[in-house]
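Subject: Model for your files

Hello,

Here is the model I said I would pass on. My notes on its salt bridges and on one of its helices follow below it.

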Amino acid sequence: MDRVMKLASQKAVVIFSKSSCCMSHAIKSLFYDLGVSPAIYELDEEPRGRDMEKALQKLGCNPSVPAVFIGGKLVSSTNTIMSLHLSGSLVPMLREAGAIWL
């Protein structure tokens, strides 16, 4: 869990993903479209990916991916991210974290 939290705090937006997950792809595309350059960790390609996935589950991520951290804080699942985006709350959150400037 320490590794996940350390990685999550190293950039304004961090996404834990799997390369084969369609929801992960949708979330990454959304952030790219918003002008965000997130740190992305593909758990199925990371040497310690399985351990990181278990740590994400312990943090409450179910399913474990995509797991999104903004400003070092777990924002959670696809549903949460999409709800924040549709309500207009995601962009201000990204600005506050320093992920976007405009």
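K18 and E53 form a salt bridge, with their closest N and O atoms 3.0 Å apart; the term stands for a side-chain nitrogen of Lys or Arg within 4 Å of a carboxyl oxygen of Asp or Glu. K18 sits in the loop between strand 1 (13-17) and helix 2 (22-33) and E53 in helix 3, so this pair ties together parts that are 35 residues apart in sequence. Helices (H or I, at least four residues) and strands (E, at least two) are DSSP runs, numbered from the N terminus. K18 is partly exposed, at 23% relative accessible area, while E53 is buried, at 17%. Buried is under 20% relative accessible area, exposed is over 50%, and partly exposed lies in between (1.4 Å probe, protein chains only).

Before the rest, the ground rules. This is a predicted model, in which local features need pLDDT of at least 70 and side-chain atom pairs count only at pLDDT 80 or more, whereas totals for chains, interfaces and linings use all residues. Residues are numbered from 1 along each chain as its sequence is written, and side-chain values use heavy atoms, with hydrogens and water left out.

The salt-bridge count comes to three. Another of them joins K28 to E42, where the closest N and O atoms are 2.7 Å apart. That pair links distant parts of the chain, K28 being in helix 2 and E42 in strand 2, 14 residues apart. K28 is buried, with a relative accessible area of 11%, and E42 also counts as buried, at 14%.

There is also a salt bridge between the side chains of E46 and R3, at 3.8 Å from N to O. E46 is in the loop between strand 2 (39-42) and helix 3 (49-58), R3 is in helix 1 (residues 2-8), and the two are 43 residues apart. Both ends are partly exposed: E46 has a relative accessible area of 24% and R3 one of 33%.

Now helix 3 itself. G49, M52, E53, A55 and L56 are buried there. Seen down the helix axis, these residues fall within an arc of 160 degrees, so they line one face of helix 3; the arc is that of the directions from the axis to the C-beta atoms. R50 and K58, on the other side of helix 3, are exposed. The cover over the buried residues includes helix 1, strand 1, strand 2 and strand 3 (67-70), by contacts between heavy atoms within 4.5 Å. After helix 3 comes G60, with a positive phi near 110 degrees.

Regards
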